[in-house]
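Subject: Structure for you to look at

Hello,

Here is the structure I said I would pass on. Please open it beside this email and follow along.

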Amino acid sequence: MTGTGDDEPQLELPGLVRARDTARAVRKQAAARSKQAKPVDPAPELPVARVLVDVPLAHLDKPFDYLVPRKLDADVVPGSRVKVRFAGQDVDGFVVERIAESDHPGRLTPLRRAVSAEPVLSPEVARLSELVAARYAGTRSDVLRLAVPPRHATVEKQPTAPTPDSPRLDIEAAAHAWQPYDDATVRAFATGGSPRVVWSALPAADWPALLAHAAAATLASGRGSLLCVPDHRDVTRVDEALTAVLGAGHHVLLTADAGPAARYRAFLAVSRGEARVVVGTRAAAFAPVHDLGLVAIWDDGDDLYAEPRAPYPHTREVLLTRAHEQSCAVLVGGFARTVEAEYLVRTGWAAELSAPRTTVRAAAPQVAVTGATDQELARDPRARSARLPRSAFEAIRAGLEHGPVLIQTPRQGYLPSLACDRCRTPATCRACRGPLHLPKPSEPPECRWCGTPEPQWACGECGNRGLRAPVVGERRTAEEIGRAFPAVPVHSSSGERVLARVDAKPAVVVATPGAEPVADGGYACVVLLDTWLMLARPDLRTAEESLRRWLDAAALARPGGRGGRVVAVGDPADQTLQALVRWDPSGFAQREMAERQSAHLPPASRLATLVGAEADVQSAAAALELPDGAELLGPVPAGDDGVRLVVRVPRASGGALSRALVEMQGVRDAKKLPAVRVQVDPVALD
DNA sequence: TCAATCCGTATC
DNA sequence: ATACGGATTGAC
């Protein structure tokens, strides 16, 4: 009974007791009671559980020991979810280990609850989370949120799926599919080898089928595979290819947009070892595939691989970390080549897997660059309204006689807001090279980044003083092309409405980069519009990214021998467009790599950004124990977030930089200082 | 001299 | 978030 302890509140005048005081008193009593609680009966064997608690504070990112009550003994297995009392709160945690004795000097608190006995955090993924957190200067709890999907109790209780018939494992079919490159690699997968390759896919290659064959070969050696692709459409394509190669039911899809139940069901199938082949988007990089033999990533330059949640890990880096740790095979593939992939080749960490030059030439479409000169536009007013030079217009018309034509047009958001109305050079700020825009129609243009007004703007290229907003947008382009070719259907694919594929009938398909549908039998013609605008994007990797988008679109064309043509509207002298014409992603990546090296940019150097209020960023930077050779750039205004400071170190000091950042974050978290957002190797700097 | 309060630190 | 320990303050 509580009668004797309750008399105090009744003696107080009700109005004099503040609610907060009462609540505090109640909590104190509860705390006192829990302290006196009789000691729990511990599990007879290994009575201590090491638990990673779900607290996003850097200085608490280590396992804490709890006593396992005898009642929970069976459920508290390594990798299982538990609830624990931590610093006066109930928090979630993962058991990483059961041990006999703790080295904690104080008394251990008992586990509060075992959520379930399902070991959702495998030792490999626990280790991976630790390495990824260290690499990105984040916490394990943040990484674990990305790695382990939320539990769905109903799904967890459902019986496991019946194992289907044995998968088809046709190594000769796999070797044949990979023959144009070098079938030794795929044969090595099949015999338990772990080659690491950077694979340049041939133009028009059926890459989903090649990934499926690679997974089949790996499965033949008794090992599982993890295939990461940029988006859901690609998951669907690889899904179909895997079904065709292995038969149904031998692989699962892991995508974030599948819904909680489906996502957890697929995760459990992997975690329980029922599914050995996984295809998915960036969330799948952490999938606990049993006996992992191969990690693969397709088109690793796609910005969808940059995780938007802390600590912002990149899918490629997660997979490479995993491959390094688990000694499995690696396939980094694409039509384009990122400088990061090139770096793997240059350092000898991975081998290059490409087809001979003659095979590339035979598979590639015929590529031409055509500039929309003023004379040309003056001769042909229709071309002006459609931003199409005569030759591009003719290529479309010719292509439409043989099949579908793809027109790639940059997305609105990727474009500078204003450009010279004579030579189309984007208008940039003299102070910081940011893009100019018109804040209000009546006011002079100003910089979108630093706000400097430019009332006296003159084009840096041609001296012209007229500005215009570029006519862009895929919807608008579709209308224009539709008027020019009234006899053929015009499809549009972008943003919310993305088409997966189109048939072989003549049609115009207008798409934004990354949203291009696959055409049955390939496009007769692919037109790349506004290449100068894409190249004008203010970004670290503008040229690399532009070439990637053009190669990805151009790879959907038929080979030149079957009439496939690509027309890029732009400056024929441009280096990036020339790499497209030569279909030379690796040569381009080599030059990019050299430039990054001399400019001290990733991957030759490692960068980190600190974003927050100016005073906080300054104090955080001052607290950093930076390795030798570190440089601080900035701070510069970073929009509503405050300021951004860039820290740059030689690549060899990357580990030291991450450790310094972790240490600094730990001290700041412990002192409850305002948060400073830390990003290691951000994909973009704005 | 002791209790009430503040502040920094650990959180198992 | 909360709880604890040690330092600091203030009333007797």
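Below is what was found in it, taken region by region.

Please keep in mind that this is a predicted model.

If you want one pair to look at in detail, take strand 8 and strand 9 (residues 277–280), which run parallel and are joined by four bridges. Within this pair, Leu254 stands opposite Gly280 of strand 9.

The peptide bond leading from Ala310 to Pro311 is cis, and its omega is near 0°.

Strand 26 and strand 27 (residues 643–650) run antiparallel and are joined by five bridges. In this pair, Pro637 stands opposite Val643 of strand 27.

In general, the strands of a sheet pair through backbone hydrogen bonds, either parallel or antiparallel.

**Strands 1, 3 and 4**

Strand 4 (residues 89–99) pairs with strand 1 (residues 48–53) in the antiparallel sense, over six bridges. In that pairing, Arg50 has Glu97 of strand 4 as its bridge partner. Strand 4 is also joined to strand 3 (residues 81–86) by six bridges, and these two run antiparallel. Phe86 has Gln89 of strand 4 as its bridge partner. Strand 3 and strand 4 form a hairpin with two residues between them. Ala87, in the turn, has a positive phi of about 50°.

**The surface near DNA strand B**

Ala87 comes up again here. Which residues come nearest to DNA strand B? Of the 13 residues around DNA strand B, they are Phe64, Asp65, Ala87, His104 and Thr109. Strand 2 (residues 64–67) gives the most to this surface, with three residues. Sorted by class, the surface has seven nonpolar residues, five polar and one charged.

**Two helix pairs**

Start with helix 3 (residues 123–135) and helix 4 (residues 140–147). Their axes come within 9 Å and cross at roughly 125°. Helix 3 and helix 4 are therefore oblique to each other. Their crossing is right-handed. On the helix 3 side, the contact is made by Val125, Ser129, Glu130, Val132 and Ala133, which meet Arg140, Val143, Leu144 and Ala147 of helix 4. This contact of helix 3 with helix 4 has six nonpolar, one polar and two charged residues. In the loop between the two helices is Ala137. Although Ala137 is not a glycine, its phi is positive, at about 55°.

Next, helix 12 (residues 339–346) and helix 21 (residues 585–598) have axes that come within 9 Å and cross at roughly 90°. That angle makes helix 12 roughly perpendicular to helix 21. Val339, Glu342, Tyr343 and Arg346 of helix 12 meet Ala589, Gln590, Glu592, Met593 and Arg596 of helix 21. The residues of this contact divide into four nonpolar, one polar and four charged.

Pro602 and Pro603 are joined by a cis peptide bond, with omega about 0°.

Regards

Conventions. Residues are numbered from 1 along each chain as its sequence is written. Chains are lettered from A and ligands numbered from 1 in the order in which they are written. This is a predicted model: local features need pLDDT of at least 70, side-chain atom pairs count only at pLDDT 80 or more; totals for chains, interfaces and linings use all residues. Two strands pair if DSSP finds at least two bridges between them. A residue is near a molecule or strand if its C-beta atom, placed from the backbone, lies within 6 Å of it. Ala, Val, Leu, Ile, Met, Phe, Trp, Tyr, Cys and Pro count as nonpolar, Asp, Glu, Lys and Arg as charged, and the others, Gly among them, as polar. Axes are lines fitted to C-alpha atoms, for helices over the stretch in contact, and angles run from 0 to 180 degrees between N-to-C directions. Angles under 35 degrees count as roughly parallel, over 145 as roughly antiparallel, 65 to 115 as roughly perpendicular and the rest as oblique. Two residues are in contact if their C-beta atoms, placed from the backbone, lie within 7 Å. A crossing is left-handed if the near helix is turned anticlockwise from the far one by less than a right angle, and right-handed if clockwise.
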